[in-house]
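Let's take a walk through this structure together, one stop at a time. Have the sequence and the 3D view open as we go.

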Protein chains: 2
Amino acid sequence: MIQEKKHLPKRSEDFSEWYNRVVLFSELADYGPAKGTMIFRPYGYGIWEEIQKAMDKEIKARGVQNAYFPLFIPESLLKKEKEHVEGFSPELAVVTIGGGEELKEKLIVRPTSETIMYEAYARWVQSWRDLPLLINQWNNVVRWEKRTYLFLRTSEFLWQEGHTAHATHEEAWEMVEWAIQMYAKIYRDYFAMPGYIGRKSESEKFAGADTTLTYEALMPEGKALQSCTSHDLGQNFARAFGIKFLDKEGKSQYVFQTSWGLSTRSIGGLVMLHGDDGGLRLPPRLAPIQVVIIPVKVEPALIKEAKRFEKELIEEGVRVKCDDREGESLGFRINKWELKGVPIRVEIGGEEIKKKELTFVRRDTGEKQKVKAKEGAKSIVKLLDQIQKKMLTEAEAALKKNTQNAASYEEFKTIMEKEKGFIRAFWCEDKACEAKIKEETKATTRCLPLDAKKEKGKCVYCGKTASYQWLFAQAY
Amino acid sequence: MIQEKKHLPKRSEDFSEWYNRVVLFSELADYGPAKGTMIFRPYGYGIWEEIQKAMDKEIKARGVQNAYFPLFIPESLLKKEKEHVEGFSPELAVVTIGGGEELKEKLIVRPTSETIMYEAYARWVQSWRDLPLLINQWNNVVRWEKRTYLFLRTSEFLWQEGHTAHATHEEAWEMVEWAIQMYAKIYRDYFAMPGYIGRKSESEKFAGADTTLTYEALMPEGKALQSCTSHDLGQNFARAFGIKFLDKEGKSQYVFQTSWGLSTRSIGGLVMLHGDDGGLRLPPRLAPIQVVIIPVKVEPALIKEAKRFEKELIEEGVRVKCDDREGESLGFRINKWELKGVPIRVEIGGEEIKKKELTFVRRDTGEKQKVKAKEGAKSIVKLLDQIQKKMLTEAEAALKKNTQNAASYEEFKTIMEKEKGFIRAFWCEDKACEAKIKEETKATTRCLPLDAKKEKGKCVYCGKTASYQWLFAQAY
């Protein structure tokens, strides 16, 4: 069922059609029958499993425990935090019938779990001894969409959401920063996806948060992808839900809360960032299959050598597949694995057997190299590491190149019309300017980088005094 | 927030109240705000994570890949297989509003995923080369319940569901048997929960299956728990959804399918089977915390030794917690961990420090033993293994003792009134007899054991010829 590469448009010519076809042809995902839904096929879900494995380890090492809260939120509960419900109400899926009967109270399919979790937190937290309360869950959430954009915009998606409660704001803020730094590490080390860490503007922050931190990555169309967020919820939900504790002095206090999440949307970013005209290019650490071994003909001697090498790689902990599927030409098989973005292809033919060699082909650069068969496994491990690093370096260079300063609004507009990418510019932090810039250039404030320095400047739009340079970009 | 043990009724006096309180007090779970829902708290979810880890490994080793299909099933799709929709329609949750609008077609929140998956299978399977198609998913499902019985009966639960398609019935049947044997292994080796593997009767099988295999375990009230199932779907769904392939001869054929699942219900069984008047007793292989180290006083020298031993156990791969929480008496802490069913408690006091010893207390038997501190870690590993085996042996003896033969219906009724448990009895396989027995004794056919031999007998109810002895029991 793999579609042929020749049906893939060039990435530079029709990006969104290229994207859809790469996702479908490489069997990462498929459309679901209900509007806005998608199917995570094994190859796509395998990437999510690698992401989960890497993140779950970090989350647990921080002392956060996994739990699972209900899918259904009674409508009255969702309405308890005013800004929160306003933010989410246009995109809710609502259950009105259960067990054959009309329900007295409608149930909302969770768009996020703050309200359902905090109702319980209010019962569980009594004393300072119960804090910090550190919980994470891996689950599905639903935010209504009419048109599916695979991975990037779907009614249902998968994510993890961390929700913590603390005795002090200082401790909560440490958690907010920890989460975004942990995500940044995962994005850099696993996705090979560099980005900017920063604070969202008032109009772009999460509904119900005091502060939202974000990781903004650059996609090849010059658009930014908000890749995850970490929220300082202050005491907003604590007040709405009555989450109080007795402190060491016996005084009743509201807790300080955080929430933070990273979703399967990230896989869409991975595809867009690294893919090329040949299809996917997966960074080794997230590739469900890191190495594919191809006997150039389906002959016993070649298959035997392929199986031997496969076993050796498995012992080294490499995720490997031997493709000896009948009825497909060598060219077809090569294209198939190129489309699927497997980092290294190993070819075994008569020549290789004779010379006791293996031929490695890198997906990222297309380079071929011959390696002594007995050194094959070690060379693969080393090469996977090199590829991972190379992909990050490449993406970092692209990010740097596509982040420009705009001293004037004219310059700003020119960049946004032509190259796009990130623009660093002074902004007075007035919502009106932000809205005008968006209206006129489609660019939104992406974030104020965490490491931004206070300067003396003038707002790129209105010319009034501004203290910080914000990052702007068009976004998905 | 741990409730005290003294508020726990004796298990033998009020089993269902004992069960509820053990689950709540030990912090395995809590009630959700919507009817029929529950919260899996970290301690309960931790057990599920251990189950997932063990099963996921087995599933992948069999070549089955994980994927994820949508939560929402269009109503028309669910209706495609007649028996299937009839079986599930009384317990559906239905979304009628999405994104603020009344939906044209109602969406069913999946009660199980056959229909949503097979719609895609029909597109993905074209040739014999695409078979077998072996997919599993870990997800939530919803079957409407008005009253929650924590873990055992809830509107939403977590499970895995495997769904495979094959070219021949023989191959499909091998998968059906593999799944139930894999489950049996997990139940024996991890849950320490012995049971009977067998075939369900026509009236008890899955809606849409040709044959259902089940694993039936015995609970302390003398009731059976259907602990998981594996279905031979034959070509029923293949015909309904048009899942066809071209065989090697180029002929179009319907595939043969299987589905199999094990849910968080199993955790309810675990609690019921092993718990006692002191609370939970967790088998080591599923215990989120296998060892708790308790410094008998919160004093630096004791805490230092506790932390040293904790580190040693972590290095051995033991899941360990050091409880040096302030403000709780020794007795309170001991009761707390007893209630939580941690397999081994390690006590460290002045005596232990002086003699360079550690005191181990087993949760399963209450036995105390002194061990040289330097041999502590190795002894723990060995003891955990002993406890795991002992718990299985104990449960096996109880199962054997509570499985009786009934030669006459009088005998059958007496057993079901008094001891309960499993009854082995001839049954003519007529639905009318099955229904009558259920009406008069509350006992249902649990299964025909896979290893049952053909014999000459008479139906325990009607006296007509019967070839096999079935297992009967009351069930949850």
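In what order do the 5 strands of the open sheet in chain A come? The order is E16-E15-E17-E18-E19 (chain A), and the pairing is mixed. Before going on, some ground rules: this is a predicted model, in which local features need pLDDT of at least 70 and side-chain atom pairs count only at pLDDT 80 or more, while totals for chains, interfaces and linings use all residues. Residues are numbered from 1 along each chain as its sequence is written, and chains are lettered from A and ligands numbered from 1 in the order in which they are written. The labels come from DSSP runs, numbered from the N terminus: helices are H or I runs of at least four residues, and strands are E runs of at least two. Two strands pair if DSSP finds at least two bridges between them.

Helix H9 (residues 300-315) of chain A lies across E15, E16, E17 and strand E18 (357-362) of chain A, and runs at about 165 degrees to E15(A).

Now hop over to chain B and its own helix H9. Two packed helices are described by the angle between their axes and the distance between the axes. For helix H9 (residues 300-315) and helix H12 (residues 376-401) of chain B, the angle is about 55 degrees and the axes are 9 Å apart. H9(B) and H12(B) are therefore oblique to each other (under 35 degrees counts as roughly parallel, over 145 as roughly antiparallel, 65 to 115 as roughly perpendicular, and the rest as oblique). Where do they meet? Phe309(B), Glu312(B) and Leu313(B) in H9(B) are in contact with Gly376(B), Ala377(B) and Ile380(B) in H12(B), where contact means that the C-beta atoms, placed from the backbone, lie within 7 Å. By class, this contact has 4 nonpolar, 1 polar and 1 charged residues. For those classes, Ala, Val, Leu, Ile, Met, Phe, Trp, Tyr, Cys and Pro count as nonpolar, Asp, Glu, Lys and Arg as charged, and the others, Gly among them, as polar.

Next, see how the two chains come together. The contact takes 49 residues from chain B and 49 residues from chain A. On the chain B side, the largest share, 6 residues, comes from strand E5 (residues 93-98) of chain B. That side divides into 28 nonpolar, 11 polar and 10 charged residues. Strand E5 (residues 93-98) of chain A is joined to E5(B) by 5 bridges, and the two run antiparallel. Gly98(A) has Ala93(B) as its bridge partner, and Val94(A) has Ile97(B).

E5(A) also has a partner in its own chain: 4 bridges join E5(A) to strand E6 (residues 101-109) of chain A, again antiparallel. Here Gly98(A) stands opposite Glu101(A). The two strands form a hairpin with 2 residues between them, and Gly99(A) in the turn has a positive phi of about 55 degrees.

Let's zoom out to chain A as a whole. Its domain assignment (bounds come from an automatic or database assignment) gives domain 1 (5-274), domain 2 (284-386) and domain 3 (403-473). The centres of domain 1 and domain 3 of chain A, taken over C-alpha atoms, are separated by 27 Å. Their contact takes 15 residues from each of the two.

Finally, a few backbone details. Most residues other than glycine have a negative phi, and most peptide bonds are trans. Yet the bond from Leu131(A) to Pro132(A) is cis, with omega near -10 degrees, and Pro132(A) lies in the loop between helix H5 (114-124) and strand E7 (133-142) of chain A. In chain B, the bond from Leu131(B) to Pro132(B) is cis, with omega near -5 degrees. Glu27(A) has a positive phi, near 65 degrees, and is found in the loop between helix H1 (15-25) and strand E1 (29-31) of chain A.

Methods. Axes fitted to C-alpha atoms, helices over the stretch in contact; angles between N-to-C directions.
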